[in-house]
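Hi,

Here is the structure I said I would pass on to you. Have a look at it first, and then read my notes below.

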Amino acid sequence: MSTSIVVERIDAAQVDALLPLFLDYLRFYERPIDAPAAQAFLQARLQGEQSVVFLARVGEEAAGFVQLYPAFASLSLAPSWILNDLYVGEPARGRGIAKVLMQAAESLARETGAAEIFLQTARSNTPAQALYEGLGYRRDDEFLVYTLSLPRS
């Protein structure tokens, strides 16, 4: 397997390359696995230009991805990005793939004139916290995050 990491922005036609990693991501977070629903979700986001996905490959193998959603920062009067999903497959971990994906996300934000990239991670996910802090992200201890879960019909 080649050691070079290649990152590309993918479109809806490339969802099949992303899908196995996305399903592993759902398993990692102990979510139900419904491959057709996951594929439809990803295709809809990409076809509707509702998200941007960067896929990292090592050789021919899909190794990791990052998915961002456009948003706006009202207090900055500027666009922003929500980094919603970052995942590197277990066999590819420890090679710097997450860092390269985060750099692709930052490049996108800079190119689009964004004021910020917003992300959340679990308090127990210390490897991710170390990555983010090492890249200059600062933890927000001022604001609390609240979520209202709604029943799905």
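Let's start with a term: a salt bridge is a side-chain nitrogen of Lys or Arg within 4 Å of a carboxyl oxygen of Asp or Glu. Keep in mind that this is a predicted model. Let me walk you through some of them.

One of them joins D24 to R27, and the closest N and O atoms are 2.8 Å apart. Where do D24 and R27 sit relative to each other? They are 3 residues apart in helix 1, so about one helical turn separates them. D24 has 32% relative accessibility, so it counts as partly exposed. R27 counts as partly exposed too, because its relative accessibility is 44%.

Another salt bridge links E106 and R110, with 2.7 Å between the closest N and O atoms. Both residues belong to helix 3, which covers residues 97-111, and they are 4 residues apart, about one turn of the helix. Are E106 and R110 exposed or partly exposed? E106 has a relative accessible area of 29%, so it is partly exposed. R110 is exposed, because its relative accessible area is 63% and the cut-off for exposed is over 50%.

Then there is the pair R139 and D141, whose side chains meet in a salt bridge at 3.0 Å, N to O. R139 and D141 are both exposed.

Now back to helix 1, this time for its packing. Helix 1 runs over residues 15-28 and helix 2 over residues 35-47; the two pack at an angle of about 120°, and their axes are 10 Å apart. Is that roughly perpendicular or oblique? Angles of 65 to 115 degrees count as roughly perpendicular and those over 145 as roughly antiparallel, so helix 1 is oblique to helix 2. The crossing of helix 1 past helix 2 is right-handed.

- From helix 1: V15, D16, L18, L19, F22, L23 and L26.
- From helix 2: A35, A38, Q39, F41, L42, Q43 and L46.

Which classes of residue make up this contact? Between helix 1 and helix 2 there are 11 nonpolar, 2 polar and 1 charged residues.

Cheers

Conventions. Residues numbered from 1 in each chain as written. Predicted model: local features only at pLDDT ≥ 70, side-chain atom pairs only at ≥ 80, totals over all residues. Heavy atoms only, no water. Axes fitted to C-alpha atoms, helices over the stretch in contact; angles between N-to-C directions. Parallel < 35°, antiparallel > 145°, perpendicular 65-115°, else oblique. Left-handed = near helix turned anticlockwise from the far one by under 90°. Contact = heavy atoms within 4.5 Å. Nonpolar A, V, L, I, M, F, W, Y, C, P; charged D, E, K, R; others polar. Buried < 20%, exposed > 50% of the residue type's maximum accessible area, 1.4 Å probe, protein only.
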